[in-house]
Amino acid sequence: KQWYQRRVRGRKDSSLRASSVGFLLDPDEISYIVKLFREPTVLRHEGFQLNSTGFEYQCLRSDKNSIYGRVSDGPGGGAILVKTATLVILATYTASMYPSVCVETCETFADYFRDKGK
């Protein structure tokens, strides 16, 4: 199982907990991502943009814990965002990868942290 890029950040202090090499988010972008979880209906209609990837995403699913999006225009691929009590996990995948593998891995990773109370 392989992700193109992944990142784990603390929700409250926006501190980096883990990251693929070269995959950077600034504190403003993590604040934007946390805000996305509060507006799932708007998100489904308007989509979202991640400056760190340079793409706009069409929202395929959004609820209180997960956001799935695919690249609107461009090379294909998508992004999976999952939050836990203290973390936000962001994973991206390319057009040559299976989105379901990224979703399963990201959600399983989040479940592990939820079980640990993180």
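Trainee: Hi! Before we start, what does "contact" mean here?
Mentor: Contact means heavy atoms within 4.5 Å. Keep in mind that this is a predicted model.

Trainee: Got it. What share of the contacts between residues at least 6 apart in sequence join residues at least 24 apart?
Mentor: That share is 41%.

Trainee: And how many helices and strands are there?
Mentor: You can find three helices and seven strands in the protein. Going along the sequence, the order is β-β-α-α-β-β-β-β-β-α.

Trainee: Okay, new topic: how much of the protein is buried?
Mentor: Of its 118 residues, 42% count as buried.

Trainee: What's in the largest nonpolar core?
Mentor: It has 18 residues, and Ile 33, Phe 48, Leu 50, Ile 67, Leu 81 and Leu 90 are those with the most contacts inside it. At least two residues each come from α1 (27-36), β3 (48-50), β4 (55-62), β5 (66-71), β6 (78-83) and β7 (87-93).

Trainee: Which of those gives the most?
Mentor: That would be α1, with four residues. In general, nonpolar side chains tend to be buried together in soluble globular proteins.

Trainee: Nice. What does Leu 81 touch, leaving out residues up to four places away in sequence?
Mentor: Leu 81 touches Ile 33, Phe 37, Phe 48, Asn 65, Ser 66, Ile 67, Ile 89 and Leu 90.

Trainee: And which residues does the second core include?
Mentor: That separate core has twelve residues, among them Leu 87, Ala 91, Tyr 93 and Val 103.

Methods:
Residues numbered from 1 in each chain as written. Predicted model: local features only at pLDDT ≥ 70, side-chain atom pairs only at ≥ 80, totals over all residues. Heavy atoms only, no water. Buried < 20%, exposed > 50% of the residue type's maximum accessible area, 1.4 Å probe, protein only. Core = buried A, V, L, I, M, F, W, Y, C linked by side-chain atoms within 4.5 Å.
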